[in-house]
Amino acid sequence: MAAADRLVIAVCQMGPVERGTPKRDTVARLVSLLETAAARGARFCVFPEIALTTFFPRWVINDPAELDACFESDMPNPDVQPLFERARALGTAFALGYGERADHSQPGDDPRHYNTMALVDDQARVTGTYRKVHVPGTIEPVAGLPVQHMEKRYFRFGDKGFPVWPLLGTRIGLAICNDRRWSETWRVLGLKGAEVVGLGFNTPVQLPDYPEMNHLRGFHHLVSMQAGAYENGLWIAAAAKAGVEGDVPMLGVSTIIAPSGEVVAMTTSQGDEVITHDADLTLARRYKTFFDFATNRQPAAYEPITGQTGADP
């Protein structure tokens, strides 16, 4: 793969997808966003986490049919085929978040599958999939909270690490929502040579269990990615589900961040919106040279990063 110097990146933010919305209607919105991005010259488009359905971990879903409809056994499948066909015609690669029913499971089995994002090349072939590593929330509802977040009820921790794939003359990695708050995410992707990272997220504006952080939601969202981009020489393209979905106001603030840590594009709405940037890939390589991992990293000093979970008292 010959290295490319530039890549036009698009972030395709979505407004709300309400519970029970037919997937064909949601996919039609994705196709429209893709077409807008391609018309602006984008070669790589990033869609949000759980893009095909509402963010269902807000609820305990007891109806097997409704729950099964939240997951995809195959990618692509008939529901999303219009998106794949249009992407092939446009020659546009994309990353798509969805709930994955893993190969080993069948309808009616343990419903904790994976929160997944697929990387699809410019010929509409699935290059690889990433499964969310940092799965937050609870298995059961928390008494007294007006908004629940039960990702652990439905998703296992990702078991693929943080893969990176050669595509479009660069190296692309993926991450999902809570992953962005963990410095290990960006470091591993940087060490694997990623130059571009696509991230999808569904982030509520308020944290009922940590209300003192509510006014910092946008700041925390950005600062974690800006630091990760700068410290690892990464272009980061982060796509939100925005607006009020399931009576929950979502953050939005979809963005594209340069390896310098600078925000170079950001959405201005709470609905379906496309932002693009002509990314200079040589900038990613320049920042990697500046940090010079091969000479300056000292892995022997970092043992707690992989040797323990909780902080020392």
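R153 counts as buried, at 19% relative accessibility. The cut-off for buried is under 20% relative accessible area, so R153 falls on the buried side. This model is predicted. Its R153 side chain meets that of E140 in a salt bridge. The structure holds 17 salt bridges.

**The E140–R153 pair**
- The N to O distance in this salt bridge is 3.1 Å.
- E140 sits in the loop between β6 and α4. R153 sits in helix α4, which spans residues 151–154.
- Is E140 buried or exposed, or partly exposed? E140 is partly exposed, with a relative accessible area of 48%.
- R153, in contrast, counts as buried.

**The E100–R131 pair**
- E100 and R131 form a salt bridge. Their closest N and O atoms are 2.8 Å apart.
- Which strands hold the two residues? E100 lies in strand β4, residues 93–100. R131 lies in strand β6, residues 126–131.
- E100 counts as buried, at 10% relative accessibility.
- R131 counts as buried too, at 11%.

- R285 forms a salt bridge with D5. The closest N and O atoms are 3.9 Å apart.
- R285 lies in helix α7, residues 281–291. D5 lies in the segment before β1, a strand that covers residues 6–13.
- How many residues apart in sequence are the parts that this pair ties together? They are 280 residues apart.
- R285 is partly exposed, with a relative accessible area of 22%.
- D5 is also partly exposed, at 47%.
- The pair belongs to a network of salt bridges that links D5, E195 and R285.

**Helix α5**
- Helix α5 runs over residues 183–191.
- Which residues of α5 are buried? They are T185, W186, L189 and G190.
- These residues cover an arc of only 120° around the axis, so they sit on the same side of α5.
- What follows α5? G193 does, and its phi is positive, near 90°.

Conventions
Residues are numbered from 1 along each chain as its sequence is written. This is a predicted model: local features need pLDDT of at least 70, side-chain atom pairs count only at pLDDT 80 or more; totals for chains, interfaces and linings use all residues. Side-chain values use heavy atoms; hydrogens and water are left out. A salt bridge is a side-chain nitrogen of Lys or Arg within 4 Å of a carboxyl oxygen of Asp or Glu. Helices (H or I, at least four residues) and strands (E, at least two) are DSSP runs, numbered from the N terminus. Buried means under 20% relative accessible area, exposed over 50%, partly exposed in between (1.4 Å probe, protein chains only). The arc is that of the directions from the helix axis to the C-beta atoms.
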